[in-house]
Amino acid sequence: MKIMVAVKRVIDYAVKIRVKSDKSGVEMSNVKMSMNPFCEIGVEEALRIREAGAASEVVAVSVGPAQCADTLRTALAMGADRAIHVVSGSLGPVLPLSVAKILKALVEIERPGLLILGKQAIDDDCNQTGQMVAGLLKWPQGTFASKVLLDKEKQVATVEREVDGGLETLSLDLPAVITTDLRLNQPRYATLPNIMKAKSKVIKKVTLEELNVEIKSDLEVVQVTEPPKRKAGVIVSSVDELIDKLKNEARVL
Amino acid sequence: MHRFLSTFASRAKPCRNSFFSSIPNPSSSILCGFSSLCTPIKGWRGFSGESGGRESLLYDVVIVGAGPAGLSAAIRLKQLCRERSADLSVCVLEKGSEVGAHIISGNVFEPRALDELIPNWKDEGAPVEVRVSSDRFLLLMKDRALPLPSPFDNKGNYVISLSQLVRWMASKAEEMGVEIYPGFAACEILYDKDQKVVGVATNDMGVAKDGSKRETFQPGVEVKGRVTLLAEGCRGSLSEKIIRDHKLRDKGQGQHQTYAIGIKEVWEIEEGKHKPGSVLHTVGWPLDNNTYGGSFLYHMKDRQIALGLVVALDYHNPYLSPFDEFQKLKHHPSIKSLLEGGNVLEYGARTLNEGGFQSIPFPVFPGGAVIGCSAGYLNVPKIKGSHTAMKSGMLAAEATFRKLAEGVPMESYWDSLKKSWVWEELHKARNYRPAFKFGLLPGLAISALERYIFRGRLPLTLKHGKPDHEATEFAGLHDPIQYPKPDGIVSFDVPTSLYRSNTNHEHDQPAHLCLRDPAIPELVNLPLYAGPESRYCPARVYDIICFNSGMYLMKSMVPSFR
């Protein structure tokens, strides 16, 4: 069985982001980029399943401009067997629905038994792609996975999900879509020898035309601003003043 | 006796723009060194423990540090290979999470070495664009500023971000076939049975705070080379060890190295106040007449300015806090008006060499050489070290090539250094800094004489004063300095500044700072020097906690911010 893992290249989680002065977006030049942390967890989970013998191959895929190749090399250095880069060129950020359509097209070619994604990307925090691609493929989905157990013979994945009320355990018939949450695993470090080997591995490039997918964006980013600065607190002198403020200023009473 | 932190040997995914500084390693150590946990075996073992059976990678040349010196050496090597139809494999190890992450510098760049290395750097898109447009020099007093004739000649120089230049150099190096691996710190020197250096080993990853192996444990890897070049920057861990073990200072120019700390912020200021290429240096306030140092303010592009204070580490008053002096500086009328309405983008600090000509160590050891600021080629009166570091890397590459291709001993590096413009330049600049051991005004006077009359031709070479760590005087001889509270607009407290340094460390890893003798802070630092470590670190990693019982605890905190 093949496992396909989708990875996204985002601004590194440790970077302090800044909004561009023209409010068109976030400052991206000279900023460190890395693999989305949830995607790393996805790659790690795929590798563990393969190492446990339940899968034969891990294929990493990414959608984006030329530099996505770096992210795919990191996945290869962690241990992925192959990588596919869907070149989106100068289209700008590709939105979740478009990514979902692309992944559907790739799934139809590669026929994996499991598609793993991060639950959300830390740049847009959409938390949509996994769910959308499961809908398009009509596959079962186990999102916010904090534990995954694969039964090879029965072709079933047992997924423990982190939900608001606690933990929910689902049983999914493969093929299925799983999106990873933080506590699923601790991604391994890419070792120096593996990084070296990954440099010479071939990354297959695919265009949107070859996949027969058309991207049209029905969303337009109008403005990006920083959140309002937190105002200083006010010390009230009496309970009456507190009630007055709660009633008339905060309007919660 | 200022003991700063030892280098942060980071794991594979540390911060992007790292803060770190490093300190002189004295014989009469107070802090710094190895904890009782790590027993040094054949070089600094770090936390490898019983790491037998590590993987080994073999290269012709291994370079530790992807900075100006290391990358210049790598590029020059590949150029020589191309010219002479040779093929040498070159590997550069960089401890930062990406190339440039640990680079911090003013920087007014003299393109002399870059012109030699990559003559068409402009066409190749080097981020060297903002020409110096004005050059001012002020003597600051509490509320006034006295313009003085500028001692610098920055015509033809550029205001740059050194980290951006280094990133560009790395891309050029990779195009030529150099292998660069960021995220891997070289933490151990490898020797063969004849005590010749055969390479370095990277640090183990995934080690828990108590030294045990975590789930993600990966042993370090041995990276071996026929020649190893150490380009770690000022106070490089491996370089300092090699210099000590092989007595390279005695074999070289003979004097000890002296240091300063540079604390820097990058600001984005209001449009009307920004003048790209504008260069300002100051001396005087807030530092007193016995403390050598000064500030710099350079206008880059995109409304960004680089602002910083350099304080020499031979200051006498143990109550001095370089961080707080920097905050104080920003309130001076000449500077404050520029900053108001702007915001800070980044903060960082780093040590620099000030020893110059007198402190150059013999750079060659069996198996390789020390290059760049790890040896120390900063031109103090010019306050520039990038161009000399680059040239030292290029000359080392040529010596390395001669060794590998023709069998000429590496010692030819020393000879070529002495014949180069680096030597000539540092020789000419040799008497400026040592003159200040007599005080600020005599120093300025002697500097003026040197600049305008003698120009380095005096047949005498001033010696440095005491080593920095011996210059600290007892706390009893000085008064505590009352520093003003930060106003949050122009001056800030340490946690706010640290947040902006993008320093990000995983909690569960061994402490980067090891005290050789944990009792000394309580027995010596506190009673005699009023605990200067709680003031000299611009990241405040040392904290002295007093208990009611009268006992003191020295806590070392590795800051971690998300």
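The model is a predicted one, in which local features need pLDDT of at least 70 and side-chain atom pairs count only at pLDDT 80 or more, whereas totals for chains, interfaces and linings use all residues. Residues are numbered from 1 along each chain as its sequence is written, chains are lettered from A and ligands numbered from 1 in the order in which they are written, and side-chain values use heavy atoms, with hydrogens and water left out.

Strand β6(A) covers residues 114-118 and is mostly covered, five of its five residues being buried; helices (H or I, at least four residues) and strands (E, at least two) are DSSP runs numbered from the N terminus. In a regular strand the side chains alternate between the two faces of the sheet. Strand β1 of chain A (residues 2-6) runs parallel to β6(A) and is joined to it by three bridges, two strands being taken as paired if DSSP finds at least two bridges between them. Within this pairing, Val5(A) has Ile116(A) as its bridge partner. Strand β10 of chain A (residues 176-180) also pairs with β6(A), in the parallel sense and over five bridges, and here the bridge partner of Ile116(A) is Ile178(A).

Elsewhere in chain A, strands β8 (residues 156-163) and β9 (residues 166-173) pair in the antiparallel sense over eight bridges, and they form a hairpin with two residues between them. Helix α2 of chain A (residues 68-78) is mostly covered, with eight of its 11 residues buried; among them are Cys68(A), Leu72(A), Ala75(A) and Met78(A). Just after this helix, Gly79(A) takes a positive phi of about 140°.

Chain B contains 16 helices and 22 strands, and buried residues make up 63% of its 562 residues. Of the contacts in chain B between residues at least 6 apart in sequence, 76% join residues at least 24 apart, contact meaning heavy atoms within 4.5 Å. Seven strands of chain B form an open sheet with mixed pairing, in the order β6-β5-β15-β16-β17-β14-β18. Its edge strands, β6 (145-148) and β18 (343-353) of chain B, each pair on one side only. Neighbouring strands of this sheet are turned by 20° against each other on average, direction ignored. Helix α6 of chain B (residues 322-329) packs on the sheet, touching β5, β14, β15, β16, β17 and β18 of chain B, and its direction makes about 135° with that of β17(B); axes are lines fitted to C-alpha atoms, for helices over the stretch in contact, and angles run from 0 to 180 degrees between N-to-C directions. Within the sheet, strands β16 (residues 293-299) and β17 (residues 304-312) of chain B run antiparallel and are joined by seven bridges, with Leu307(B) of β17(B) as the bridge partner of Leu297(B).

Helices α8 (residues 386-406) and α10 (residues 421-428) of chain B pack at an angle of about 145°, with their axes 10 Å apart. The contact is made by His387(B), Thr388(B) and Lys391(B) of α8(B) and by Trp421(B), Val422(B) and Glu425(B) of α10(B). In the loop between α10 and α11 (432-435) of chain B lies Asn431(B), which is buried, with a relative accessible area of 1%. When neighbours within four places in sequence are left aside, Asn431(B) is in contact with Gln358(B), Glu450(B), Leu460(B), Thr461(B) and Leu462(B).

Between the two chains, 21 residues of chain A are in contact with 35 residues of chain B. The area buried between chain A and chain B is about 2,500 Å², of which carbon and sulfur atoms give 56%; buried area is the accessible area (1.4 Å probe) that two parts lose on being put together, summed over both. In chain A, Lys16(A), Tyr189(A) and Leu192(A) lose the most area to chain B, together 31% of what that side buries.

Terms used:
Buried < 20%, exposed > 50% of the residue type's maximum accessible area, 1.4 Å probe, protein only.
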